[in-house]
Amino acid sequence: MYGRIISFTLLAPSLWSVVEAIGSKQSKDNHKRYLFKSAENAGFIVEIFTDRKTAGLNLETMKAMQGLREQAMAKVNVSEGEGLGN
């Protein structure tokens with residue numbers, strides 16, 4: 001199992017509709033995605049993959065969120081790692 005967490009702070013709470021479109025829930029055999037709101041203008045997206053290779057093939061969510069950062073609409077941080085003790 002391999003995981004990715006994309007945490008973000010929106011510079012305008014009105015951007016939530018964009019983030020909801022990017023981080024909408026997904027559940028496939030090899031990829032699951034969940035969106036969490038932790039504050040009025042902050043939250044995180046959790047993605048779970050079967051392995052690192054699958055994670056490397058599914059970069060759309062991360063690229064879209066980093067695009068918001070590049071447009072100065074959000075602060076974005078990405079963390080990834082292998083699952084321990086299945």
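Q: Which residues have the most contacts inside the largest nonpolar core?
A: This is a predicted model, in which local features need pLDDT of at least 70, side-chain atom pairs count only at pLDDT 80 or more, and totals for chains, interfaces and linings use all residues. Residues are numbered from 1 along each chain as its sequence is written, and side-chain values use heavy atoms, leaving out hydrogens and water. A nonpolar core is a set of buried Ala, Val, Leu, Ile, Met, Phe, Trp, Tyr and Cys residues joined through side-chain atoms within 4.5 Å, where buried means under 20% relative accessible area, exposed over 50% and partly exposed in between (1.4 Å probe, protein chains only). The largest such core has 13 residues, and those with the most contacts inside it are Ile6, Phe8, Leu10, Val19, Met65, Leu68 and Val76.

Q: Which elements give two or more residues to this core?
A: Helices (H or I, at least four residues) and strands (E, at least two) are DSSP runs, numbered from the N terminus. The contributors of two or more residues are strand 1 (2-10), helix 1 (16-22), helix 3 (60-70) and strand 5 (74-82).

Q: Is phenylalanine 8 buried or exposed?
A: The relative accessible area decides the class, and buried means under 20%. For phenylalanine 8 this area is 3%, so the residue is buried.

Q: What is the geometry of the pair formed by phenylalanine 36 and phenylalanine 44?
A: Rings of Phe, Tyr and Trp (its six-membered ring) pair if their centres lie within 6.5 Å; planes under 30 degrees apart count as stacked, over 60 as edge-to-face and the rest as tilted. The centres of phenylalanine 36 and phenylalanine 44 lie 4.8 Å apart, with 15 degrees between the planes, and the pair is stacked.
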